[in-house]
Every structure is written in structure tokens, then in C-alpha cells.
Amino acid sequence: MSHDRSSKLLGLEAIRFLSAFAVLVWHYQHFSFVAYNSTAFVAAQQPFYSILRVFYDYGFYGVQFFWCVSGFIFLGKYGGPIAHKIVSGRQFFVLRFSRLYPLHLATLLLVAFLQVLYFQYHHYYFVNPTNDSAHFVLHLFFASNWGFERVYSFNGPIWSISVEVLVYAFFFVTVRCVGTSPVLNIGILILCVLARKMRIDLPILDCLGFFYSGGLSALALQHLEKTRYRRFLRALSLGVAVFVPITVYMLEVSVPKYVVHFALMAYIPTLLYCAASDLNAGPRMQHIISAAGSLTYSSYLIHFPLQLLIALCFSYFNALIPFYSPSFFVAFMAATLMCSRLIYRYFEMPAQTYIRDRCGAAPISGIDWPLPIWSRYR
């Protein structure tokens, strides 16, 4: 493997960005919102639908990709240090808190303010119908989707992070007590699959399943990369990663959602196994991919407030949002990515650094297996 650290794990960076972009495209339909009546909305008329159909129709699965990537990185980066008590519970909490909470709090306050303004114009809220004090408190404690909520509220996309923080806590406790045993990952994965088959539909179980399937992929890479079969396995995973979606797309097969759910638990880890290697990209391309990967969290949290702000502006001028316009689509995506870049550089990273410095929580700086360090997850 190449030892150029700048080329490490760019494949995972690209997957993260595409997952975030898929969610952006899926949520583009928010612009069609008129009270609670969407009968006039025609999905196939959305901009560039023939090209972006997979994102328009299945973009909500970008969340499952996020969960799986998290499991892959956490088992690889935190697993060993936590199991060997190198990382304390306090350090782990501060690292996660500093990474996630500042932007969550900022976007929560922004959405709360903008929803009040939107309600004054329309006498109903934009997209998410309940924005009361009880749900605000839940959001403050990252508990917006722990089962206490009635419906989605405030900055809706945060629901997946709210669920994931519970999985982080479960991950820390199990790794500290049991270690990074593949048997544990397989056991949890089986329980999550059985729960789904029994129609127990809980976001926490879905997150656990994808998180630990990603972790299983990381453990497989850890062990299999040391064998003489590593090139064959890499080629095999690449073949599956490329040809499965192409085949499904070309055949236009209609697959039930529960089947897609189980298939993704196998497909995404395979894709991650394939992507977790050096890319032979030049310095410029490395910089572009790395910069794109850095936008995932900020774009995920800022796109809904931005949509709400745009809806408010059009309401002020008593104009309809031209959401079927390709130019409007491009302008919205460009604005989201530009805002995300500015937020990452001038808010996310400074806030993260400040909290970690104040709390004395140093980033984890080593992994004792072939997978190289990915500094963005420090």
C-alpha cells in the first residue's frame, strides 16, 4: 500500500459525500410543500430526474450509508484504544460532543427562529408540523428521536444523529466490556435482522444493524488484508460493488423496501471493504475529494434551514418557489455546498478545537492495523 497519507481512504470520503448528496436530492421535494397537501407534486418532473432518479427515489437510504460508514470507522479507529482502556469514557464523550453538538445547537436555534417567522405568514409550520417547547427540549439533549417524540420537529434530518448517539454509547460499553470480537458484531447483526423480520420497526435497531455491519466489514479488512487472498477479495468486492447497482438500475426491478433494507446490510459493507484503500489520484483530485467529504455533516444539517429560509423569502414576495426549474435546483445545491464549506471552515472546526482544548481531550492518533488513520474522524 502507498504511504502517501493524503491518499488514504479517499474512497470512503467519496461515499460519504455521495450519501449526503443523495439526502439533499431526496429532500429537494420539501420545496413542493404547501400546508399538508402534496397532491399536485409530480416526482418525475423534478429537475434532472432521468439522471438523478436513483437519488430522488432512494435518497433516504443515504442515512443507512452514514450509519454503516460510522461503524466501519469506529471499529477501526476507536475499537482497539477503547478495549485496551487507552480512551476513557470522558475523552470519548468529549470527542463526539465536540464533533456533533455545536452545529446541531446552532441549526436548532436557527430553525426555531425561522419556523416562528414562517408560522406568522402561513399559520402552519414548514414541513415538520410540531415545533413546541417539549420537542425543543428533546432536541437540546439530542433525544429528538428516542421514542419520546410525537412526530418530526425542528431540524428534521437530525433524527438519524439522535439515534446514532445512543449507538455510540452502546458501542463504547460493549467494546470496553467485551472487546472488538467479530462474534459480537455478528450476534448484534442477527438480532437486528430478526427484529426486522418480526416487524419490530425501531430506528435504534436499524442504526445498530447498519453500524455493526460496517464494523464487521472493518474487522474483515483488518484480518483479510494480511492474507494472500487480499487481492482476490478486493477484486471480488469491487465487482459486487459495481455490477449489483448497475444490474438493478438497468433491469428497473421493483424491490420491496424490506428486501432493500436487508440487501443494503450486505452491500454497503462490501462497498466499504472495496473503498478502504488508497486511490491513485493526483494531489488536486485528492484535495477535491477530501474537501467534498468534509462537507457531509454541515450539508446534512444546514440544507433544511436553508430551504426554510428560501421558502420564507418567496413568501415575503408572495411568489411561488420554482422547484421544477433546473436553474433553481443548481442554485440551491450550489448554495448548500458553499454554505457547508464556510460552516465547516469557520464554525465546525473552530468550535470543535475550542471544546477539545478546553476539556483537554486529545484526538486519537493511532490504529494498530493496516487501515490508515483518517484524521477527519478524530
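Guide: Met198 has its place in the loop between α8 (182-197) and α9 (203-224), where helices are DSSP runs of H or I with at least four residues, numbered from the N terminus. This is a predicted model, in which local features need pLDDT of at least 70, side-chain atom pairs count only at pLDDT 80 or more, and totals for chains, interfaces and linings use all residues. Residues are numbered from 1 along each chain as its sequence is written, and side-chain values use heavy atoms, with hydrogens and water left out.

Visitor: Why is Met198 called exposed?

Guide: Met198 has a relative accessible area of 60%, and exposed means over 50%, buried under 20% and partly exposed in between (1.4 Å probe, protein chains only), so Met198 counts as exposed.

Visitor: What makes the rings of Phe74 and Phe92 an edge-to-face pair?

Guide: A search of the whole structure finds 42 aromatic pairs. In the pair of Phe74 and Phe92, the centres are 6.1 Å apart and the planes stand at 90°; rings of Phe, Tyr and Trp (its six-membered ring) pair if their centres lie within 6.5 Å, and planes under 30 degrees apart count as stacked, over 60 as edge-to-face and the rest as tilted, so this pair is edge-to-face.

Visitor: Why does this pair tie together parts that are apart in sequence?

Guide: Phe74 lies in helix α3 (residues 62-77) and Phe92 in helix α5 (residues 89-122), so the parts they join are 18 residues apart in sequence.

Visitor: How do you know whether Phe74 is buried or exposed?

Guide: Phe74 has 0% relative accessibility, so Phe74 counts as buried; Phe92, with a relative accessible area of 5%, is buried too.

Notes
Helices (H or I, at least four residues) and strands (E, at least two) are DSSP runs, numbered from the N terminus.
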